[in-house]
Amino acid sequence: MKTALKTASTAIKRWLALYRMRSIEINLAGAIDTLPLVRDPLTRERMQLAIREMSLALCRARAEYTALLPAGQRIVWDIA
(Lines give C-alpha, C1' and ligand atoms only; values in the text may rest on other atoms or scores of the structure.)
Protein backbone atom coordinates (compact mmCIF):
# COMPACT_ATOMS: atom_id res chain seq x y z
CA MET A 1 0.00 0.00 0.00
CA LYS A 2 2.85 2.38 0.82
CA THR A 3 4.40 1.80 -2.59
CA ALA A 4 1.15 2.64 -4.39
CA LEU A 5 0.73 5.85 -2.41
CA LYS A 6 4.34 6.83 -2.96
CA THR A 7 4.06 6.13 -6.69
CA ALA A 8 0.85 8.14 -6.94
CA SER A 9 2.36 10.99 -4.95
CA THR A 10 5.42 11.07 -7.19
CA ALA A 11 3.24 11.01 -10.32
CA ILE A 12 1.20 13.96 -9.05
CA LYS A 13 4.34 15.90 -8.14
CA ARG A 14 5.80 15.14 -11.57
CA TRP A 15 2.59 16.30 -13.30
CA LEU A 16 2.55 19.55 -11.27
CA ALA A 17 6.22 20.19 -12.06
CA LEU A 18 5.54 19.58 -15.77
CA TYR A 19 2.55 21.93 -15.66
CA ARG A 20 4.63 24.62 -13.93
CA MET A 21 7.43 24.19 -16.46
CA ARG A 22 5.11 24.38 -19.49
CA SER A 23 3.36 27.46 -18.06
CA ILE A 24 6.68 29.27 -17.71
CA GLU A 25 7.69 28.23 -21.24
CA ILE A 26 4.45 29.67 -22.68
CA ASN A 27 4.83 32.89 -20.71
CA LEU A 28 8.47 33.24 -21.76
CA ALA A 29 7.67 32.63 -25.44
CA GLY A 30 4.96 35.30 -25.33
CA ALA A 31 7.30 37.83 -23.74
CA ILE A 32 10.04 37.12 -26.29
CA ASP A 33 7.55 37.46 -29.16
CA THR A 34 6.23 40.75 -27.76
CA LEU A 35 9.61 42.35 -27.05
CA PRO A 36 10.29 43.58 -30.63
CA LEU A 37 6.95 45.42 -30.63
CA VAL A 38 7.80 47.53 -27.55
CA ARG A 39 9.04 51.03 -28.39
CA ASP A 40 9.54 52.57 -24.95
CA PRO A 41 13.16 52.01 -23.82
CA LEU A 42 12.26 51.82 -20.11
CA THR A 43 9.55 49.24 -20.72
CA ARG A 44 11.89 47.29 -23.00
CA GLU A 45 14.56 47.15 -20.28
CA ARG A 46 12.03 46.00 -17.71
CA MET A 47 10.77 43.33 -20.09
CA GLN A 48 14.32 42.14 -20.71
CA LEU A 49 14.84 41.80 -16.96
CA ALA A 50 11.55 39.93 -16.64
CA ILE A 51 12.55 37.64 -19.51
CA ARG A 52 15.84 36.91 -17.75
CA GLU A 53 14.01 36.11 -14.50
CA MET A 54 11.57 33.86 -16.37
CA SER A 55 14.50 32.08 -17.98
CA LEU A 56 16.02 31.42 -14.58
CA ALA A 57 12.65 30.26 -13.24
CA LEU A 58 12.40 27.90 -16.21
CA CYS A 59 15.82 26.47 -15.39
CA ARG A 60 14.69 25.85 -11.80
CA ALA A 61 11.41 24.28 -12.93
CA ARG A 62 13.24 22.00 -15.34
CA ALA A 63 15.64 20.95 -12.60
CA GLU A 64 12.73 20.16 -10.27
CA TYR A 65 11.01 18.13 -12.99
CA THR A 66 14.20 16.25 -13.85
CA ALA A 67 14.76 15.44 -10.17
CA LEU A 68 11.37 13.71 -10.07
CA LEU A 69 12.16 11.42 -13.01
CA PRO A 70 13.15 7.80 -12.36
CA ALA A 71 16.84 7.01 -12.08
CA GLY A 72 18.49 6.70 -15.47
CA GLN A 73 15.83 8.73 -17.30
CA ARG A 74 17.05 12.21 -18.12
CA ILE A 75 15.91 14.85 -20.61
CA VAL A 76 18.23 17.21 -22.47
CA TRP A 77 16.55 20.57 -23.03
CA ASP A 78 17.10 22.61 -26.20
CA ILE A 79 17.13 26.09 -24.69
CA ALA A 80 16.70 27.51 -21.21
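With which residue does arginine 22 form a salt bridge? Select arginine 22 in this predicted model and display its side chain together with that of glutamate 25, for these two form the salt bridge, with their closest N and O atoms 2.7 Å apart. Both residues belong to helix α1, and because they are three residues apart there, about one helical turn separates them. Arginine 22 is partly exposed, at 40% relative accessibility, whereas glutamate 25 counts as buried because its relative accessible area of 19% falls under the 20% cut-off.

Arginine 62 is buried, with a relative accessible area of 9%. Through shared partners, Arg22, Glu25 and Arg62 are joined into one network of salt bridges.

Next, select glutamate 64 and arginine 20, whose side chains also meet in a salt bridge, at 2.9 Å from N to O. This pair again links distant parts of the chain, glutamate 64 being in helix α2 and arginine 20 in helix α1, 44 residues apart. Glutamate 64 is partly exposed at 41% relative accessibility, and arginine 20 is partly exposed at 40%. The whole structure holds three salt bridges.

Finally, turn to the largest nonpolar core, which has 14 residues, and select Met21, Leu28, Ile51, Met54, Leu58 and Tyr65, the members with the most contacts inside it. The elements giving two or more residues to this core are α1 (2-34) and α2 (41-67), and α2 gives the most, with six residues.

Methods
Residues are numbered from 1 along each chain as its sequence is written. This is a predicted model: local features need pLDDT of at least 70, side-chain atom pairs count only at pLDDT 80 or more; totals for chains, interfaces and linings use all residues. Side-chain values use heavy atoms; hydrogens and water are left out. A nonpolar core is a set of buried Ala, Val, Leu, Ile, Met, Phe, Trp, Tyr and Cys residues joined through side-chain atoms within 4.5 Å. Buried means under 20% relative accessible area, exposed over 50%, partly exposed in between (1.4 Å probe, protein chains only). Helices (H or I, at least four residues) and strands (E, at least two) are DSSP runs, numbered from the N terminus. A salt bridge is a side-chain nitrogen of Lys or Arg within 4 Å of a carboxyl oxygen of Asp or Glu.
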